[in-house]
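The following note is intended for a colleague who is meeting this structure for the first time. Please read the numbered points alongside the sequence and the model.

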Amino acid sequence: MDKQITVTSPLLPNLDEFQFMLKEIWDSKWITNNGSFHQRLEAALCEYLKVPYISVFTNGTLPLITALQALRITGEVITTPYSFVATTHALWWNGIKPVFVDIDPATGGIDPNKIEAAITPKTTAIMPVHVYGKPCKTKEIQEIADKYGLRVIYDAAHAFGVEVNGKSILEEGDMSTLSFHATKVYNTLEGGALVVHDEKMKRRIDYLKNFGFAGETEVVAPGINSKMDEVRAAYGLLNLRQVDAAIEARHQVAILYREALSSIEGITFWDDMPGVRHNYSYFPIFVNAEKYGMTRDEQYFKMREQGVYGRRYFYPLISEFSTYRGLPSARKENLPEAHKMADSVICLPMHHELSKDEINRVINCIINK
Ligand SMILES: *Cc1c(COP(=O)(O)O)cnc(C)c1O
């Protein structure tokens, strides 16, 4: 059987260069707690992402939890069921009730037209997701937030490097979080970050990720430990140098997929959005079983038999997991578009190392039913 084609493959730094940096860490004997590589990575990320303040974390879930703490969010938060489960878990870990709102089928993100109906006196914030790195309707979301005095925290785990008209998508809302997990476009093995808009908030986040310590003897808040260590920060600095090339390689894969799949009855996908710098983090296709002649799951398992491992991101919806299923907003009738998307999606293999042969194998799986 042919070699397996997986949905992603991690971007890895050059091993010799990494060893050179490790030597520097070993010599300094400073392995964590805001060391030199941690500081260099934060500065380099600010420059690359075109944002003024960033705080790096040990993974992409703790910045979500910390953002909610820092903004003192309580009560109910409006969010999307069409995401990775960590989005809603972050609310749960803060004792906040998630309120699911349906998605806009044009973007996969929360539908701004359905947010207002979900607002109650207990609502304090909106937590949307730029799912697949595709920008949400940020302007409409902000207008609602301003009207009702709500905070907006974006889970931008998929949106590393995404820009709209030259401006970083991470500038939207009150804060945005990133994940640098191995499966993401840019990784630090495990890692993540919180993007904030002012120096005071950056300082508060830095306290919160270090137990709330502000200096040697003062603890200003019940913080957590979510600092990034020096080894991962060094790895992250090296990966940052090659992430543009990786995004461009992904772009070329997207071009080939689009060319080959545009004429297949029952298969749809998204084009690039005008004015947007995409990161090609995922390539979702949507299967219309009636027109295609095969259900999404039939196609998904047939691909696996041929060694092509796509993924059904995001099936099942977060609202279907046992923790959240009982919530009134989790009812299927409340989330028809999210269910439709979750039941039709397959994310095709998408990474910087896919060869022409591998891309053709993926395409042939879809063409030859
Ligand atoms: C990956 C991901 C996270 C969690 O990030 P980790 O780094 O794995 O903790 C959160 N939200 C979304 C949408 C993700 O895809």
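1. A residue is called buried when its relative accessible area is under 20%, exposed when over 50%, and partly exposed in between (1.4 Å probe, protein chains only). Helices (H or I, at least four residues) and strands (E, at least two) are DSSP runs, numbered from the N terminus. The model is predicted: local features need pLDDT of at least 70 and side-chain atom pairs count only at pLDDT 80 or more, while totals for chains, interfaces and linings use all residues. Residues are numbered from 1 along each chain as its sequence is written, and side-chain values use heavy atoms, with hydrogens and water left out.

2. Helix H2 covers residues 36-49. Its buried residues are Phe37, His38, Leu41, Glu42, Leu45, Cys46, Tyr48 and Leu49. The expected span of a helix is 1.5 Å times one less than its number of residues; for the 14 residues of H2 this gives 20 Å, which agrees with the 20 Å between its end C-alpha atoms. Lys50 follows H2 and has a positive phi, near 60°.

3. Helix H10 (residues 336-344) holds the buried residues Ala338, His339, Met341, Ala342 and Ser344. Those buried residues pack against strand S12 (283-287), helix H9 (296-305) and strand S13 (345-348).

4. Asn334 lies in the loop between H9 and H10. Because its relative accessibility is 30%, Asn334 counts as partly exposed. Contact means heavy atoms within 4.5 Å; leaving aside neighbours within four places in sequence, Asn334 is in contact with Phe100, Asp102 and Ser329. A polar atom of the Asn334 side chain lies 3.1 Å from the backbone oxygen of Phe100. Asn334 and Pro135, 199 residues apart in sequence, are 23 Å apart in space, C-alpha to C-alpha.

5. Is Glu358 buried or exposed? Glu358, located in helix H11 (residues 356-367), counts as buried because its relative accessibility is 13%. Its side chain is joined to that of Lys3 by a polar contact of 2.9 Å (a pair of N or O atoms within 3.5 Å; within protein, one must be able to donate a hydrogen and the other to accept it, and residues adjacent in sequence count only if both atoms are side-chain atoms). A polar atom of the Glu358 side chain also lies 2.9 Å from the backbone nitrogen of Ser355. Leaving aside neighbours within four places in sequence, Glu358 is in contact with Lys3, Ile5 and Glu353.

6. Phe213 is found in the loop between helix H6 (199-208) and helix H7 (230-261). With a relative accessible area of 36%, Phe213 is partly exposed.
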